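Subject: Structure handover

Hello,

Here is the structure you will be taking over. My notes on what was found in it follow below.

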Amino acid sequence: MAPNKKSAASAPSRDCLNAVDVLVVGGGPAGLTAAIYLARFRLKVRVVDSGQSRAALIPRTRNHAGYPGGIPGVKLLGLMREQAAEFGVTVEDETVEALQINGDVFHARCKTQSIAASAVLLATGVVNNRPEMDDAAHQTALQRGLLRYCPICDGYEITDRKVAVIGTATHGCNEAMFLRMYTRDVALLAPDAAHALTPEQRARLQAAGVSMIDGPCGPLALSGDAILIPTPSGLERFDSCYPALGSVIRSELAIALGAEATEDGCLAIDRHQRTTVPGLYAAGDVAKGLDQISHAMGEAAVAATAIRNDLVGKAHLLR
């Protein structure tokens, strides 16, 4: 049987400890929002979280409405876990290593257990490609705002500062131009050798006053209130740096089941967050869309409601 075809097998028994109505993979803003909704729909929910939510890397998010002065990402996630627990949601600090379908039931294999579910929501997010930098220095730079990954989230905070973008080609050019609206002092540094920019991109950057510096960039380091970037032309000093090096979409569990994805790995979904595999849903950064907390939470609400409506016809949901 093809992996994305389901037969009319029975749902997992609700009396089995590791059998649930819905398994949520990922405990970031999308996964936890979905879990709250699903639990309040009186579904049996389990959340498995590998502890790699990008929200935890945010020193303080100021775009998320309802928190004047902003809120640290770790604190936001903690509050969301606390709220989910009020409705009986269990969060397992585990990693789902494999996902299979047997008839009408999904089976998730973790390191220490297996979980059966009638439906699965993937909220696995993405992992940013990091510049070369010592781990401890990387964490310190994030906390101090010397290293940033999301210009939509915090471009406002670098207003009128000296900013570097490590990247090239279309991604690097677009990020440098986006940041140019906040400051006149933007430099685009090639991560490897010479810039891979088209003549049109070079002209656009030059017209905006963005300087272009060829690489390769050496390991980044901290010095007081600045971040240092070694280049062939010398040591460059900036107030903040944005790596525009792309990211890895954590969609491999769905793709292994035959789910359709874009060229970069984002999962293809319908307007109710359904993937092309029946019973498998996706929300947040793993699905194509705006990589923002508020957007991920909205997708999670849509996905949770669709899951409830799709499962409602199954006898085991009747109380």
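**Overall fold**

Of the contacts in the chain with a separation of 6 or more, 61% are between residues 24 or more positions apart; a contact means heavy atoms within 4.5 Å. Please note that this is a predicted model, in which local features need pLDDT of at least 70 and side-chain atom pairs count only at pLDDT 80 or more, while totals for chains, interfaces and linings use all residues. Residues are numbered from 1 along each chain as its sequence is written, and side-chain values use heavy atoms, with hydrogens and water left out.

The average pLDDT of the chain is 91, and 93% of the residues score at least 70; pLDDT is the predictor's confidence in each residue, from 0 to 100. Residues 1-11 have a pLDDT below 50, and this stretch has 24 contacts in the model beyond near neighbours in sequence.

Along the principal axes, the C-alpha atoms fill a box of roughly 65 × 40 × 35 Å. Buried residues are 49% of the 319 residues in the chain; buried means under 20% relative accessible area, exposed over 50%, and partly exposed in between, with a 1.4 Å probe and protein chains only.

There are 8 helices and 16 strands in the chain. Both are DSSP runs numbered from the N terminus, helices being H or I with at least four residues and strands E with at least two.

**Strand β1 and its partners**

Strand β1 (residues 19-25) has 7 of its 7 residues buried, so the rest of the structure largely encloses β1. Two strands count as paired if DSSP finds at least two bridges between them. β1 runs parallel to β6 (residues 114-122), joined by 6 bridges, and V20 has A117 as its bridge partner in β6. β1 is also paired with β2 (residues 45-49) in the parallel sense, over 4 bridges, with V24 opposite V47 of β2. Between β1 and β2 the chain passes through helix α1 (residues 29-40), and this β-α-β crossover is right-handed: with the strands pointing away from the viewer, the path from the first strand over the helix to the second runs clockwise.

**The β11-β12-β13 sheet**

An open sheet of 3 strands has the order β11-β12-β13, with antiparallel pairing. β11 (221-223) and β13 (234-238) are at the edges with a single partner strand each, so one side of each has no neighbour in the sheet. From one strand to the next the twist averages 35°. β11 is joined to β12 (residues 226-231) by 3 bridges, and S223 is opposite A226 in β12.

**Backbone details**

The peptide bond joining G215 and P216 is cis, with omega about 10°. P216 is in the loop between β10 (211-213) and β11.

Two residues other than glycine have a positive phi. D160, with phi near 65°, is in the loop between α4 (151-154) and β8 (163-166) and counts as exposed at 66% relative accessibility. A169 has a phi of about 55°; A169 is in helix α5 (residues 169-180) and is partly exposed, with a relative accessible area of 28%.

Regards

Notes
Axes fitted to C-alpha atoms, helices over the stretch in contact; angles between N-to-C directions.
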